[in-house]
Amino acid sequence: MRETQGFKIYRGVVLIVLGLFVFIPLYVMITSSLKPLKDVQGAFSWWPSNLTLAPFVDMWKTVPLARYFVNSTIVSVSATVFSVAIAILAAFAVSRFRFRGRTAFTTTVLSTQMFPGVLFLLPLFLIFVNINNSFGLQLVGTRLGLIITYLTFSLPFSIWMLAGYFDSIPRELDEAALVDGCGPMGALWRVVLPAARPGVIAVAIYSFMTAWGEVLFASVMTTEANRTLSVGLRQYSTQTNIYWNQIMAAALVVSVPVVIGFLLAQRHFVAGVTAGAVK
Amino acid sequence: MSVATQEATPAAAKPAKKKTRRGPEHRPGLNRWLPYLLLAPAVLAELLIHIIPMVVGIWMSFIKLTKFFIANWSAAPSAGLNNYKVALDFNNAVGEGLLKSFGVTVVFSLVTVALSWVLGMAAAVALQPPFRGRGIIRTFFLVPYALPAYAGILTWNFMLQRDTGAVNHVLNQLHLSDGRTFWLIGSNALVSLITVATWKLWTFAFLTLMAGLQSIPGDLYEAASVDGAGNIRQWRNITLPSLRPVNLVLVLVLFLWTFSDFNTPYVLFGTAQPPAGDLITFHIYNASFLTWNFGTGAAMSVLLLIFLMIVTGAYLLVTGRRSRRA
């Protein structure tokens with residue numbers, strides 16, 4: 001591709017148009033979170049009539065945002081920890097062993113990723129209700145039910161991405177560990193895992209993002225007690241008022257940690273996502 | 001990006017390498033069972049959340065599972081093919097609703113996938129030759145993808161409000177409309193859905209295509225330049241063919257995602273979905289949880305699954321045949 005004059009014009013136009021497309025919603029989110037309520041109830045303005053941090057203070061009182069935050073954090077962190085641990089074991093098996101059913105396993109796991117969530121939603125809801133009726137283990141309306149559900153959402157992609165990472169680590173390294181008297185698990189723990197650290201971090205961030213942003217199952221499986229941010233943010237619309245400035249403030253606050261995490265790990269993440277697509 | 005491609009290569013070369021690999025040879029007894037032991041937690045989780053519910057879902061579609069039987073589903077009477085008949089009888093309200101929703105979803109997915117691909121490609125090509133600030137722009141473009149889905153969609157919801165939103169304000173100032181357009185109810189709902197979904201999705205297309213572009217050797221372009229090919233011809237004769245394998249997967253993945261998109265309509269419209277924005281997943285969700293008639297909901301889900309499997313199968317068949325001929 002030569003950088004002709006025409007190409008430079010093309011690049012300029014594309015970057016400006018797409019830049020605005022991406023930028024304007026982010027700008028609206030940030031500036032609206034700094035507006036007093038009357039600004040978001042009248043005609044739209046590009047700049048707050050007076051800058052205020054009140055929405056960031058009030059948002060905790062209008063709805064029990066802190067509780068949603070705690071719920072989302074506990075659910076997402078637990079789902080991430082379990083998902084990554086399970087994925088590491090499975091990926092190690094897929095990468096380092098040849099065994100009967102290996103292809104069947106990877107194909108099945110990956111294909112579940114492709115099916116729409118609504119397919120599992122109804123039966124899963126029903127299964128959870130019936131587990132509660134038969135065993136007294138409450139899964140609808142508890143964090144546990146969400147954790148179990150969410151950990152499987154990131155599992156297929158995590159297993160597959162980690163298996164790719166493990167494959168890129170030379171086998172000679174774990175063979176050396178085996179000669180030194182480590183078992184296969186020792187080799188995984190002492191040799192493979194440390195070498196695959198960027199992959200593990202990327203997978204963890206992916207799992208966290210998946211759980212943190214999930215809406216469909218949260219809308220059915222949560223009650224007031226275990227409500228997460230993804231559905232909790234809807235509570236800002238009361239019958240008399242929609243507190244758009246507080247909604248934008250809350251949306252901003254819940255986004256910042258994931259966006260920063262993602263952007264920090266984007267290099268590893270991009271590699272994983274695209275390795276998948278390219279394959 | 002160079003790091004990214006280096007890391008991507010071993011993963012891409014995975015299938016070829018695997019065949020020559022063998023497990024550790026000593027302690028054969030343990031090693032025969034160890035892989036299964038390692039897989040057990042993953043298999044259990046997948047069974048509980050995906051496989052068993054899917055089987056149960058198919059079974060549910062054949063029983064009369066109304067709200068009276070939800071706590072005691074084994075007592076629900078068999079419905080035979082009745083749920084399917086109801087869902088596919090386009091002369092009554094339920095079937096008609098499903099058909100309309102299906103039509104809306106087809107338009108939504110095709111337009112969203114096409115737009116996302118075009119925008120992603122435009123940006124990826126624009127960022128192909130290195131220049132100062134390229135890394136920052138790329139990172140910035142990734143923000144909509146990194147944002148939790150609901151946060152981005154809520155912002156759009158605010159922007160699309162009739163009286164207080166930014167969209168009407170801008171259109172009015174540019175003298176493109178009187179600034180009193182309803183975006184979230186009525187027939188404009190589909191336009192809004194497509195815009196919001198594209199905003200979130202084009203970034204993924206961009207990400208994937210950009211990584212694909214990195215793997216095209218620069219010599220190809222140099223040789224073409226020497227032969228006098230301009231940028232447009234280089235794009236058509238080098239970039240597009242080289243990206244073919246990436247595009248094949250990318251388009252399929254984008255389609256499957258958009259076709260079952262739930263977040264966008266749910267966060268944008270709440271439970272009062274306008275008919276023009278009634279995407280199929282959302283439709284099934286409402287059909288099930290508003291009426292608590294899980295039987296028909298399950299039948300609709302199975303029909304959706306069958307449709308997606310047919311489309312995927314046909315897609316793979318057609319594209320596979322074409323690449324073999326090529």
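Select residues 180-202 of chain B. The end C-alpha atoms of this span lie 28 Å apart, and the span is 61% helix and 0% strand. Helices here are DSSP runs of H or I with at least four residues, strands are runs of E with at least two, and both are numbered from the N terminus. This is a predicted model, in which local features need pLDDT of at least 70, side-chain atom pairs count only at pLDDT 80 or more, and totals for chains, interfaces and linings use all residues. Residues are numbered from 1 along each chain as its sequence is written, while chains are lettered from A and ligands numbered from 1 in the order in which they are written.

**Chain B: the annotated spans**

UniProt (unreviewed entry) places "transmembrane region" at residues 36-60, 102-127, 139-160, 180-202, 242-260 and 298-318 of chain B. Its positions follow the numbering used here, feature names are shortened, and annotations may be inferred rather than shown by experiment.

Go to residues 139-160 of chain B. This stretch is 82% helix and 0% strand, with its end C-alpha atoms 26 Å apart.

**Chain B: helix α15**

Select residues 280-289 of chain B. Eight of the 10 residues of α15 are buried, so this helix is largely enclosed by the rest of the structure. Buried means 20 or more other C-beta atoms within 10 Å of a residue's own, with C-beta atoms placed from the backbone. Color B:I280, B:T281, B:F282, B:H283, B:I284, B:Y285, B:A287 and B:S288 to see the buried residues.

**Chain A**

Switch to chain A. It has 13 helices and zero strands. Its C-alpha atoms fill a box of roughly 70 × 70 × 35 Å along the principal axes. Of its 279 residues, 50% are buried.

Show α4 (residues 65-96) and α7 (residues 143-167) of chain A. Their axes come within 6 Å and cross at roughly 35°. Axes are lines fitted to C-alpha atoms, for helices over the stretch in contact, and angles run from 0 to 180 degrees between N-to-C directions.

**Where the chains meet**

Show both chains. 90 residues of chain A are in contact with 91 residues of chain B. Contact means C-beta atoms, placed from the backbone, within 7 Å. Finish on α13 (residues 244-278) of chain A, which gives the most to the side of chain A that touches chain B, with 19 residues.

Note on methods:
Two residues are in contact if their C-beta atoms, placed from the backbone, lie within 7 Å. A residue is buried if 20 or more other C-beta atoms lie within 10 Å of its own, exposed if 12 or fewer, and partly exposed in between; C-beta atoms are placed from the backbone.
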